[in-house]
Amino acid sequence: MTLQALTPVNCAGLLQPGCSLLQLDGEILLFGQKGWPKRSCPTGIFGVRFKQSEMKLRAISFSNDSCYLPPLRCPAVCRLDPYDGLPESYLIHGGRTPNNEISSSLYLLTMDSRGCNRKLMLKCKEKELVGEVPGARYGHTMSIVQSRGKTACVMFGGRSYMPAGKRTTERWNSVVDCPPQVFLFDLEFGCSSAHTLPELSNGQSFHVAIAREDSVYFIGGHSITSDSRPPRLFRLRVELLQGSPLLSCETLDFGLSISSALITRTGPGHKYIVLGGYQSDSQKRMECNTVILDEKGIHIEHLEPPKWTQDIIHSRTWFGGSARDSCILLAVPTEGRPSQPDVHYFYHVSFQQEKESNEEERTQACSQESTDYDNSTPLEDSEELYFGREPHELENSSDDEGDTYNEEDEEDESQTGYWVKCCLGCQVDPNTWEPLYSTELYRPAMIFCSKGEEGHWVHAQCMELSETLLVKLSQGSKKYFCLDHGGLPYQEMTPPRQIIPVKRTPMKVKERNGSLMFKMSPAKKSFFKRLFD
């Protein structure tokens with residue numbers, strides 16, 4: 001195992017205690033960043049990249065039919081492996097928002113598509129539950145169980161605010177343990193049911209939950225009522241019968257006294273590594289354990305921890321998450337050192353063997369080299385002007401570093417307006433800007449000037465365009481020049497040949513003013529005269 005220090009590149013302030021790390025389609029995603037999403041990343045989800053000893057973030061886009069996903073802290077996150085033709089996905093429930101509001105929503109996060117140069121685009125949908133619905137909470141767990149060919153989700157534990165009738169001014173933000181109920185709901189119809197078991201008599205939160213087939217194991221956890229972390233270990237067995245499900249619980253003796261632990265999977269089997277956490281409010285748990293689930297049950301073994309640095313040993317808190325199998329991203333605060341510009345120290349803890357680590361590095365190098373200009377599908381010209389996304393998402397889109405988060409891009413939310421690099425004669429003031437077009441909702445419409453090696457963005461208002469022309473340009477296959485580079489749209493492709501329709505004049509019958517007359521020769525007149533006489 002190795003412990004490597006990481007240098008965050010303009011992203012140290014985004015990782016805060018309570019954030020989550022997800023692994024979707026081979027990428028590591030950061031969820032639950034600081035504050036509300038701003039211009040740098042409207043979706044609030046970042047892709048985490050490790051390159052040598054540096055850590056960088058890049059913005060992740062959502063599909064147009066996605067719902068809004070707030071940056072939740074300490075939610076219940078559950079991974080859904082592909083089954084029944086459904087793709088891999090994540091279930092996200094509850095959590096605290098930066099405004100200290102506790103959520104009760106359930107979200108389903110899946111991959112929508114892979115764009116040019118394998119840029120990931122996600123889809124987020126809010127799922128509704130019916131029946132005995134769990135209330136708002138955080139610090140709880142969700143697990144997937146499979147029994148008799150069926151799949152269901154198990155939710156347990158967590159904390160919430162006091163009921164409305166018991167909250168006072170002095171204790172308005174005081175939290176309590178949620179009742180020790182087990183919620184079971186199916187993913188297809190969203191039917192939820194609550195179950196009370198005698199073995200689960202006390203509420204607990206920030207515990208570890210590991211599932212295998214029809215069994216879920218709850219390890220450790222903290223109880224506010226007793227303010228303790230007893231070495232608890234429960235085995236919950238769920239049988240998904242045809243009628244109502246059958247739940248049974250068993251108390252085991254060899255648990256762990258731990259809370260807020262970090263857990264990572266070591267491979268395709270049910271073998272996990274538990275790292276970190278707390279033994280008490282003022283004491284971190286510096287040990288590591290290997291947890292194995294098999295047909296006989298659960299096995300917990302001691303594992304030699306990494307050689308901790310002095311910063312980790314003397315820190316009061318630490319947090320992080322799983323960054324791929326057998327790897328953990330660990331963060332410790334700098335404890336207010338004025339000489340340290342970043343808020344946290346970051347470390348990459350790897351439990352892989354040296355041979356496996358070298359193979360993974362070679363695989364990552366190959367995947368990075370595959371994103372070449374020649375192998376990627378070029379963007380359509382019509383995609384250069386649109387109102388759905390941020391302009392920075394198109395800049396350097398073929399480069400993996402193009403969407404790297406820059407903390408200097410963050411703006412004060414009290415200021416109205418929007419500012420990017422524009423032409424020299426720009427008249428748009430970001431503090432006094434008012435919408436000019438009906439298509440402008442929260443920011444001015446932009447046009448990408450294609451002149452030059454990199455190009456730049458220009459406000460449509462500075463181009464002196466009408467809204468009709470603005471919409472027309474967004475639907476064409478053209479590239480555009482700003483006033484400094486010509487000012488008129490330049491046709492990049494041969495215009496389609498116009499076929500002039502043939503004008504066909506409708507036939508009209510002339511008006512008859514007199515009697516019908518026939519022209520006949522004198523011989524014919526003589527013949528008809530003799531015939532009728």
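Is Cys449 buried or exposed? I began my notes with that one, and Cys449 counts as buried, because its relative accessibility is 1%. My cut-offs are under 20% relative accessible area for buried, over 50% for exposed and partly exposed in between, with a 1.4 Å probe and protein chains only.

**Ground rules.** I am working on a predicted model, where local features need pLDDT of at least 70 and side-chain atom pairs count only at pLDDT 80 or more, while totals for chains, interfaces and linings use all residues. I number residues from 1 along each chain as its sequence is written, and side-chain values use heavy atoms, with hydrogens and water left out.

**Entry: the annotated site.** I looked up the UniProt record, an unreviewed entry, and its "binding site" annotation covers Cys422, Cys426, Cys449, His456, His459, Cys462, Cys482 and His485. These residues are spread over 64 residues of sequence, yet they cluster in space, with a largest C-alpha distance of 14.2 Å. A note of caution to myself: UniProt positions are given in the numbering used here, feature names are shortened, and annotations may be inferred rather than shown by experiment.

I then placed two of the site residues. Cys449 lies in strand S31 (residues 446-449), and His459 lies in strand S32 (residues 456-459). I take strands (E, at least two residues) and helices (H or I, at least four) as DSSP runs, numbered from the N terminus. His459 also counts as buried, because its relative accessibility is 0%.

**Entry: the four-stranded sheet.** I traced an open sheet of 4 strands in the order S18-S19-S20-S21, with antiparallel pairing. Its edge strands are S18 (208-212) and S21, each of which pairs on one side only. Two strands pair if DSSP finds at least two bridges between them.

Going across, I found 5 bridges between S18 and S19, where Ala211 has Val216 in S19 as its bridge partner. Another 5 bridges join S19 (residues 215-219) to S20. S20 and S21 (residues 246-256) pair over 7 bridges, and a hairpin joins them through 6 residues.

I followed Arg235 to both sides. In S20, Arg235 is the bridge partner of Tyr217, and Arg235 also stands opposite Glu250 in S21.

Why is S20 largely enclosed by the rest of the structure? Of the 8 residues of S20 (residues 232-239), 6 are buried, so the strand is largely enclosed.

**Entry: positive phi.** I checked two residues that are not glycines. Asp227 has a positive phi of about 50° and is found in the loop between S19 and S20. Asp227 counts as partly exposed, because its relative accessibility is 49%. Asp25 has a positive phi of about 55°, and its place is in the loop between strand S2 (20-24) and strand S3 (27-31). Asp25 counts as partly exposed too, because its relative accessibility is 26%.

The lining includes Leu15, Cys19, Phe319 and Ala331. S28 gives the most to this lining, with 3 residues.

Definitions and conventions:
On a 1 Å grid over the protein atoms alone, a cavity is a set of points where a 1.4 Å probe fits but cannot get out, and a pocket is an open set with protein on both sides within 12 Å along at least five of seven lines; lining residues have an atom within 4 Å of a point.
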